[in-house]
Amino acid sequence: MARRGTEAFPDLGAQCDREDCNQLDFLPFDCDGCGRTFCAEHRTYRDHGCARAADQGRTVVVCEACGDAIERRAGDGDDAAVLEAHARSRRCDPARKRKPRCPVPRCKETLTFSNTSGCKGCGHKVCLKHRFPADHACAGAGAGAASKAAGAAAAARSAGQCGRDAQKKEGGGWKLPQSVRNMKIF
């Protein structure tokens, strides 16, 4: 058992239990294998020669089909045997590994947390490109006047008739408002 602290502060810190160290450490480490207390230099199993170090390691094997991590225990054998036992079990489902994709035809966008939008009309989860009802052929309950207006806006966007593109002249310049054109710059 480690001797604790100093005379002035008996509850502060502990001395390292390694025979040749005996250093007073104010932030000691307790080994979960042998239960002894060590300094920062001898805190790992290998550094203090812990007898139970072999029991503490955990290894996992990742299944290629479903992406699950299967813990390998001491008597399980090699990786191939663990994966074969997992494949025989009913827990291996290759469908879980597939990432969800946007349901719009010819869209190959993978849906992630940051680029997914849920349609309030039909309830489908679509990518940000197809978030407007007209862009993904929404057949939901709100397919009334709002959907027609959204369809007109989508058509204007695809034709390039919105935003700054609509303000450009045929010659490639910008059409400025009358108040700005009459301003004098010194």
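H48 is placed in helix α1, which covers residues 45-48. Helices here are DSSP runs of H or I with at least four residues, strands are DSSP runs of E with at least two, and both are numbered from the N terminus. The model is predicted: local features need pLDDT of at least 70, side-chain atom pairs count only at pLDDT 80 or more, and totals for chains, interfaces and linings use all residues. Residues are numbered from 1 along each chain as its sequence is written, and side-chain values use heavy atoms, leaving out hydrogens and water.

With a relative accessibility of 11%, H48 counts as buried (buried is under 20% relative accessible area, exposed over 50%, partly exposed in between; 1.4 Å probe, protein chains only). From helix α1, the side chain of H48 reaches the backbone oxygen of T44 at a distance of 2.7 Å. That is a polar contact (N or O atoms within 3.5 Å; within protein, one able to donate a hydrogen and the other to accept it, with sequence-adjacent residues counted only if both atoms are side-chain atoms). Once neighbours within four places in sequence are set aside, H48 is in contact with R18, C31, C34, F38, H42 and R43 (contact means heavy atoms within 4.5 Å).

H136 lies in a loop, the one between β8 (125-127) and α4 (145-159). Its relative accessibility is 11%, and H136 therefore counts as buried. The side chain of H136 reaches the backbone oxygen of F132 at 3.1 Å. Apart from neighbours within four places in sequence, the residues in contact with H136 are V104, C119, C122, V126, H130 and R131.

## Salt bridges

Four salt bridges are found in the structure (a side-chain nitrogen of Lys or Arg within 4 Å of a carboxyl oxygen of Asp or Glu). The table gives three of them.

| Side chains | N to O distance |
|---|---|
| R18 and D20 | 2.9 Å |
| D79 and R72 | 2.3 Å |
| E84 and R88 | 4.0 Å |

R18, which is one of the residues in contact with H48, is partly exposed at 26% relative accessible area. In the pair of D79 and R72, D79 counts as partly exposed at 37% relative accessibility, and R72 counts as partly exposed at 27%. E84 and R88 are separated by about one helical turn because they stand four residues apart in helix α3, residues 79-88. R88 is exposed, with 63% relative accessible area.

Strand β5 (residues 59-62) and strand β6 (residues 69-72) run antiparallel and are joined by four bridges (two strands pair if DSSP finds at least two bridges between them).

## A nonpolar surface patch

F9, L12 and F26 make a nonpolar surface patch of about 320 Å². Such a patch consists of residues with over 30% relative accessible area and no salt bridge, with nonpolar side chains (Val, Leu, Ile, Met, Phe, Trp, Tyr) joined within 5 Å and like charges within 9 Å. F26 sits in the loop between β2 (24-25) and β3 (29-30). With a relative accessible area of 47%, F26 is partly exposed.

## Overall figures

The protein has five helices and eight strands. Along the sequence they follow the pattern β-β-β-β-α-α-β-β-α-β-β-α-α. Of the 186 residues, 22% are buried. Among contacts between residues at least 6 apart in sequence, 14% join residues at least 24 apart. The accessible surface comes to about 14,400 Å², and 52% of this surface belongs to carbon and sulfur atoms. Accessible areas come from the Shrake-Rupley method with a 1.4 Å probe; for residues, only the protein chains shown count as cover.
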